[in-house]
Amino acid sequence: MYQTSAPIRFALGLALATALSTATAADCPEPAAPGPTPYPTVAVTDYVLGCMIANGPNPDILRKCACSLDFIAAAIPYADYERIETLMRLQQLEGVGRNAAYKSAPWAKEAVAHFKEVQAESTLRCF
């Protein structure tokens, strides 16, 4: 086995770490700065896992999905995101009962349309 001295191992490790961080930074877009009310971990995980299921389970897609959510979080406060997510879940149910109002209400359609526009823009920037 080839032995190296501690200073050489340190220099090699530093060079490798620099090369890896440079490659990673070049491959992934700059994440958006978190807003005053960051999204909870559960919401982030839910979005990123759903995105990865739709696009493929690999590290590159993980970074792109995280970038997408960062973009959305910069454009839509979490309270609004939570309302829109609830509207979208209600709209997937059959149109009977109370959820029927959420399918036809102009304010609900407008909120979901706004989210889809922001999500489409995040896809263009991150993917």
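Is Cys-51 buried or exposed? Cys-51 counts as buried, because its relative accessibility is 11%. Buried here means under 20% relative accessible area, exposed means over 50%, and partly exposed lies in between, with a 1.4 Å probe and protein chains only.

This is a predicted model, in which local features need pLDDT of at least 70, side-chain atom pairs count only at pLDDT 80 or more, and totals for chains, interfaces and linings use all residues. Residues are numbered from 1 along each chain as its sequence is written, and side-chain values use heavy atoms, leaving out hydrogens and water.

Start with the overall layout. The chain has six helices and zero strands. From the N terminus, the elements read α-α-α-α-α-α. Helices (H or I, at least four residues) and strands (E, at least two) are DSSP runs, numbered from the N terminus. Of the 127 residues in the chain, 20% are buried. Contact means heavy atoms within 4.5 Å. Among contacts between residues at least 6 apart in sequence, 65% join residues at least 24 apart.

Now return to the cysteines. A disulfide is counted when a pair of cysteine sulfur atoms lies within 2.5 Å. The count by this rule is two disulfides. One joins Cys-51 to Cys-65, with an S to S distance of 2.0 Å. The angle about its S-S bond is -75°, and the link of Cys-51 and Cys-65 is left-handed. Cys-51 sits in helix H2 (residues 41–55) and Cys-65 in helix H3 (residues 59–75), 14 residues apart. Cys-65 also counts as buried, because its relative accessibility is 0%.

The other disulfide joins Cys-67 to Cys-126, at an S to S distance of 2.1 Å. Because Cys-67 lies in helix H3 and Cys-126 in helix H6 (residues 106–126), the pair ties together parts that are 59 residues apart in sequence. The link of Cys-67 and Cys-126 is left-handed, with -65° about the S-S bond. Both of these cysteines, Cys-67 and Cys-126, are buried. With the bonded cysteines numbered in sequence order, the pairing is 1-2, 3-4.

Next, look at how the linked helices pack. The axes of H2 and H3 come within 9 Å and cross at roughly 130°. That angle makes H2 oblique to H3. Axes are lines fitted to C-alpha atoms, for helices over the stretch in contact, and angles run from 0 to 180 degrees between N-to-C directions. Angles under 35 degrees count as roughly parallel, over 145 as roughly antiparallel, 65 to 115 as roughly perpendicular, and the rest as oblique. On the H2 side, the contact includes Val-44, Tyr-47, Val-48 and Cys-51. On the H3 side, it includes Ile-61, Leu-62, Cys-65 and Ile-72.

H3 also packs on H6, at an angle of about 135° and with axes 9 Å apart. H3 is therefore oblique to H6. Among the H3 residues that meet H6 are Lys-64, Cys-67, Phe-71 and Ala-75. Their H6 partners include Phe-115, Val-118, Arg-125 and Cys-126.

The nonpolar core comes next. Such a core is a set of buried Ala, Val, Leu, Ile, Met, Phe, Trp, Tyr and Cys residues joined through side-chain atoms within 4.5 Å. The largest one has 16 residues. Those with the most contacts inside it are Tyr-39, Tyr-47, Cys-65, Ile-72, Ile-76, Tyr-81 and Phe-115. H2, H3, helix H4 (78–91) and H6 each give two or more residues to this core. H2 supplies the largest share, five residues.

Which residues does Tyr-81 contact, leaving aside its neighbours within four places in sequence? Tyr-81 is in contact with Tyr-39, Ala-43, Tyr-47, Ile-72, Ile-76 and Phe-115.

Two other positions complete the tour. Gly-50 is found in helix H2. Gly-50 is partly exposed, because its relative accessible area is 38%. The C-alpha atoms of Gly-50 and Cys-65 are separated by 9.0 Å, and the two residues are 15 apart along the chain. Glu-85 is in helix H4. Glu-85 counts as partly exposed, because its relative accessibility is 22%. Its C-alpha atom is separated by 9.1 Å from that of Phe-115, 30 residues away along the chain.
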